[in-house]
Amino acid sequence: MSSDFVHLHLHTQYSLLDGANRTKDLIKHVLKNGMTAVAVTDHGNMFGAFEIQSEAIEHGLKPILGVEAYIAPGSRHDREAGKTVDGEGRNYHLTLLAETPEGYRNLSYLVSEAFLTGFYYKPRMDWELLEKHHAGIIALSGCVKSEVSQKLLAGDYAGAKETASRYQTLFGKDRYFIELMDHGLPIQRQLMPDLLRLSRETGIPVVATNDAHYLQRDDSEAQDVLLCIGMGKTVNDARRMKFYNSEFYVKNPGEMADTFRPWSLEAVKNSAAIADRVAPKVIVDTSFKLPTFPLPEEAGGPDEYLEKLAGEGLEKRLAPIAELLAAGRTKHPRKAYDDRLTWELSVIKKMGFSAYFLIVWDFIKFAKDDGIPVGPGRGSAAGSLVAWTLGITEVDPLRYDLLFERFLNPDRISMPDIDVDLCERRRGEVIEYVRKKYGKDNVGQIITFNSMKARAVIRDVGRALDVPLAEVNKLCAMIPASPGKPVTLNEARHSVKELADALAGNEGYRKLFDLGERLEGVSRHAGVHAAGVLIAPRPLVEYLPLYKNNNDEITTQFEMKSVDRMGLLKMDFLGLITLTILDDAVKSAAKRTRQKVDLAAIPLNDPEVFRLFSEGRTDGIFQFESSGMRDLLRRVQPSVFSDLAALNALYRPGALDAGTVEVYIERRRGKKFEYPLPALEPLLAETHGVLVYQEQVMLAARAIAGYTPGEADKLRKAIGKKDEAALKAEGEKFVRKSVENGVQKKKAEELWELILPFGRYGFNKSHSVVYALLAYQTAWMKVHYPVDFMAATLTAASGKSEDVVKYVNACREMKIPVLPPDVNSSELSFTPDGESIRFGLGAVKGVGEGAVNSVLTARAEDGRFASLTDFCCRVNVRLNNRKVVEALIRSGSFDSLGKSRAALTAGSTRPWTSRRPRRSRTIRAREGSSATRRRTITPTVSRTSPTGRPTNGSDTRRRPWASTSPGTPSPASRRRSACSAT
């Protein structure tokens, strides 16, 4: 049984910038106050539904998933005529709770359709939807904005009674309740007698709720500030919306009984009765949901097809080193590859993931076949030989001692996670291919929530409190910035003396920080995950609710961790600008030098490439650009590929703080050391005896303590989580098994003491290796095709002026001239011009891509521009308006025409203020093998506005000149004479 009262109307942080209840804090508070269940009914959405179910069940609390729904007065499709009875609103409120798994599915569908087809200021449902999808749902009549309450306030008691009866008929006698609220608002107390009368006359039971928006009474000020943040107002704005009082908090059962004793204690008890009826868990299907991969007729099943593809792929991969394999001159013999492939396939088949690998293989094959650059791999998937044979990754895992069990093993039952890097420019094409293949309703992107971190929340609260910006910035500067481990406001105020002193001496600052702490971590707004894409066997709405944002992008309503735990197939399609740069550079080099560049075949021991790294000349080099990394490169002096992989892993806060980097450098320079145990030497030799990679710990556990692959991976996870209880148990197990394996207990304990701090910095070797490979490829292009590489790098940086300046300076250091932009020479992007780079017109501030394309089209059709007037007559002046032309002048794009920029600027007003002829054309083609075109040129006058828009509707994009007849002046000369006549 539940307690005497359960909250059935409650808003969390997912009622964005309105609810201030963080999930974990809410769970603790509800349990502390003796309640055994809690409902979450956020405004129009179910963003936190799976999270609240998981957290609540983990703490022994029953979750009730619901929504405060918006109901359209008429059809949800009606955008204008739908008004509520008071003539002001566009929707009514209705509280809906999922009673059963069927109810959850129906509620998910209702909420999804509200966003996808009913959005008008709010995501709205309508009666049509409710009639189809009400089974398994309990409905409460709603707050003062409900249809019943609005009719009562309008004096239409009969209409309210009819409405309540209609809802009761729809949902059922035991699944519709009259909702009572009393926060001390006069309007609520005005309604209460009529609501109770309505209950008596219709037999509809009443239930008490509290519309909780924050946790405790003294959180009301923080929630008020949150509202100000959402509305862009300050607390001093008298006209802003605010709550009537501080009664909208998560009250305990005693407080609710006291509040409703004058009205109805039965209403309080009914809340607990409703909670008792709700199923303990309404999201029940968390099994793996793999879509069906369409197999060729001759393929057999997915297991057989995968085995066939992997076998063929292995032969192709090993063909280039066949002679070395036969001569025994490779790190591993052929048998090792065959055995590893057989083992990996057996694990994949046993776990039922053959279709998963086929799905990934298929869309990566599509990308490569279509010339879309794909990265060499990402994350632990690079440890899979099967992935390498299928072309999913580009690194031989045996060559680099990468572990398959770090990616997938039967002792860790979880969905595989193959993340894919794609060319940023063409990433959307791959996603569209997947949508077409598996159905657009079955594929969707994942929502993400931006929460208010320490510095951001101080800035937001400071604006709301009207604290001067300079003072807010001063306080924010005192909060440590640590991307790897973000510092909270509480940690900052106790660890930074300067900040503590500032707060101690200023009451306003203390208030700012106190409110900031109460709102820290609260979700600010929803966005789209940068890479996550779901692929389901059926429409996604059958599993979870969907959301549509202001850009009409459809995503899930559950964030990434939730959809993963639900068993849905999540793919990461990450757009990586480095791949775009490499692709552009390779194509440019091939065009300029007529030599094909194959990055997959370049040697990994190029001395010039390692000289570049050792000297820290890494502008534009993937993962190695930062000043700290450059300093590290100069100190380490990398000379082999494994050095780059190690530096990729070591240049992280944990390793730097622990002093591991310094130990690595000393040993790299020749300082003598001893391995803790001789068996560790082959595992740690490449990193000079330093534990750098997670895979090294896993291999050590297998070699020293006889761990199975699954046990070793479990150890790796325990170390990473830093769970003291789990670590203690793992430590005892490690020592015991090491002793059983013939290792002295003291040595085993010493080794464990070395492993323990590793959790602070241990990194995934698979990821380090593939990203080191990508870094090496960028460096190789910079060394051997510097002009093409830097031109591509500058193009990628075009959107950020500071980055353009940085790379232009880098070009100067490389003795590569960067020529100014020129309307007669530049392209949209930065391009090689001999041994120089020509500035791209698209990188000129204030000039858009459409304007540049208009210039390039005009230049391609009719040749170089002879003057500014000639330019203005030939290009699309809607796109190249006065501001654009002046930006081009200021950038020097017209310097080659022989006039000063001042003179050009002074003359730039003429094409927009003078009269010039508008030429129309009539093209008639006679049938026959040689069609003849006759042009009739009719001069007319067209006045244009200062923005370049023709006032008479003429389309300046239409070109009157396309061909000439014998004996007539050239198009350019005709055009110049016509324009000069104006």
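Student: Which residues of α23 are buried, and what makes them count as buried?

Tutor: In this predicted model, the buried residues of α23 are T578, L579, T580, I581, L582, D583, A585, V586, S588 and A589. Buried means under 20% relative accessible area, so each residue on that list falls under that cut-off.

Student: What covers the buried residues of α23?

Tutor: The cover includes strands β8 (419–423), β13 (569–576) and β15 (831–833), along with helices α34 (765–784) and α35 (786–796).

Student: How do you know that the span of helix α23 agrees with what its 17 residues should give?

Tutor: Take 1.5 Å times one less than the number of residues. For the 17 residues of α23 (577–593) that should come to 24 Å, and the end C-alpha atoms are 24 Å apart, so the two agree.

Student: Which residues meet between α17 and α18?

Tutor: From α17 you have R455, I458, R459 and G462, and they meet V472, N473, C476 and A477 in α18. By class, this contact has four nonpolar, two polar and two charged residues.

Student: What makes F449 buried or exposed?

Tutor: F449 has 15% relative accessibility. The cut-off for buried is under 20%, so F449 counts as buried. You'll find F449 in strand β9 (residues 443–451).

Student: Which residues is F449 in contact with, leaving aside its neighbours within four places in sequence?

Tutor: Those are Y14, F47, S523, H525, A526, Q557 and E559. Look at F47: in sequence, F449 and F47 are 402 residues apart, yet in space their C-alpha atoms are 9.4 Å apart.

Student: How many of the chain's contacts join residues at least 24 apart?

Tutor: Counting contacts between residues at least 6 apart in sequence, 73% join residues at least 24 apart.

Student: What about the whole protein chain?

Tutor: The chain has 42 helices and 20 strands. Its C-alpha trace spans about 95 × 95 × 75 Å along the principal axes. Of its 982 residues, 54% count as buried.

Methods
Residues are numbered from 1 along each chain as its sequence is written. This is a predicted model: local features need pLDDT of at least 70, side-chain atom pairs count only at pLDDT 80 or more; totals for chains, interfaces and linings use all residues. Side-chain values use heavy atoms; hydrogens and water are left out. Contact means heavy atoms within 4.5 Å. Helices (H or I, at least four residues) and strands (E, at least two) are DSSP runs, numbered from the N terminus. Ala, Val, Leu, Ile, Met, Phe, Trp, Tyr, Cys and Pro count as nonpolar, Asp, Glu, Lys and Arg as charged, and the others, Gly among them, as polar. Buried means under 20% relative accessible area, exposed over 50%, partly exposed in between (1.4 Å probe, protein chains only).
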